[in-house]
Amino acid sequence: DIKGRNLNFYLAARANMSTFNQTFQLLKQYGYDLNQADNKGRTLAHYLLKFAKFDQFLFLCSQNEIQAQTDHHGHTLLHQLFNLFEFSHMQFAFNDINIERINQHRTTLFLHVMRLGIDPNAADILGCTALQLLTSKQG
């Protein structure tokens, strides 16, 4: 689109699990690369975590469809996940983001992201690692 977002952004933002599964099967059938990054370097996995679409993210993990990529700011999926944790105590403007689900799925999501081989000490362009991000939000 005009802002440089690709299909992955819209799929993550708008698809419920049923629609996501059907669309996933169709895209795979036609050879669409689900790890294609948009103009910000973000992939479908980045956006699924950003929009707290846990079922869809875990589905992609189960299908071995996620590659550990960083966006143009150097943010890994672990950075994205810890940013989500930061806001889990706040009121979201989006009705479909369930704070309870964020809190309930922290460990599961963390383990799935770590299985991708992401280095928790990888720094973004500001020099902040995901671990530093997590610990700075604890205090």
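Which residues of the largest nonpolar core touch the most other members? The points below start there.

1. **Basis.** This is a predicted model, in which local features need pLDDT of at least 70, side-chain atom pairs count only at pLDDT 80 or more, and totals for chains, interfaces and linings use all residues. Residues are numbered from 1 along each chain as its sequence is written, and side-chain values use heavy atoms, with hydrogens and water left out.

2. **Core.** F20, L44, F57, L60, L77 and V113 touch the most other members of the largest nonpolar core, which has 33 residues. Two or more residues each come from α1 (7-14), α2, α3, α4, α5, α7 and α8. The largest share is from α4, with 6 residues. A nonpolar core here is a set of buried Ala, Val, Leu, Ile, Met, Phe, Trp, Tyr and Cys residues joined through side-chain atoms within 4.5 Å. Buried means under 20% relative accessible area, exposed over 50%, and partly exposed in between (1.4 Å probe, protein chains only).

3. **Overall fold.** The protein chain has 8 helices and 0 strands. Its pattern along the sequence is α-α-α-α-α-α-α-α. Helices (H or I, at least four residues) and strands (E, at least two) are DSSP runs, numbered from the N terminus. Of the 139 residues in the protein chain, 41% are buried. Among contacts with a separation of 6 or more, 71% join residues 24 or more positions apart. Contact means heavy atoms within 4.5 Å. The accessible surface of the protein chain is about 7800 Å², and carbon and sulfur atoms hold 51% of that surface. Accessible areas come from the Shrake-Rupley method with a 1.4 Å probe; for residues, only the protein chains shown count as cover.

4. **Helix α4.** This helix is mostly covered, with 7 of its 9 residues buried. They are F54, Q56, F57, L58, F59, L60 and C61. Leaving out residues up to four places away in sequence, L60 touches F20, F24, L34, L44, L48, E65 and I66. Just after α4, N64 takes a positive phi of about 55 degrees.

5. **Aromatic pairs.** The count is 7 aromatic pairs. Rings of Phe, Tyr and Trp (its six-membered ring) pair if their centres lie within 6.5 Å; planes under 30 degrees apart count as stacked, over 60 as edge-to-face and the rest as tilted. F20 and F59 are edge-to-face, because their ring centres are 6.3 Å apart and their planes stand at 85 degrees. This pair links distant parts of the chain: F20 is in helix α2 and F59 in helix α4 (residues 54-62), 39 residues apart. Both partners are buried, F20 at 0% relative accessibility and F59 at 14%.

6. **A stacked pair.** F82 and F110 are stacked, 6.1 Å centre to centre with 15 degrees between the planes. F82 lies in helix α5 (residues 77-86) and F110 in helix α7, so the pair ties together parts 28 residues apart in sequence. F82 is buried at 2% relative accessibility. F110 is partly exposed, at 31%. Elsewhere, ring pairs link F9, Y10, Y47 and F51 into a cluster.

7. **D124.** Where does D124 lie? D124 is in the loop between α7 (106-115) and α8 (130-138). At 11% relative accessibility, D124 is buried. Apart from neighbours within four places in sequence, D124 contacts H73, G74, H75 and H79. A polar contact of 3.4 Å joins its side chain to that of H75. The D124 side chain also reaches the backbone nitrogen of C128, at 2.9 Å. A polar contact is a pair of N or O atoms within 3.5 Å; within protein, one must be able to donate a hydrogen and the other to accept it, and residues adjacent in sequence count only if both atoms are side-chain atoms. D71 is 53 residues from D124 in sequence, yet their C-alpha atoms are 9.0 Å apart.

8. **T43.** This residue sits in the loop between α2 (17-29) and α3 (44-50). T43 is buried, with a relative accessible area of 0%. Beyond neighbours within four places in sequence, T43 contacts N8, N35, Q36, A37 and Q69.

9. **Cysteines.** The structure holds 0 disulfides (pairs of cysteine sulfur atoms within 2.5 Å). C61 is buried at 12% relative accessible area. C128 is partly exposed at 23%.
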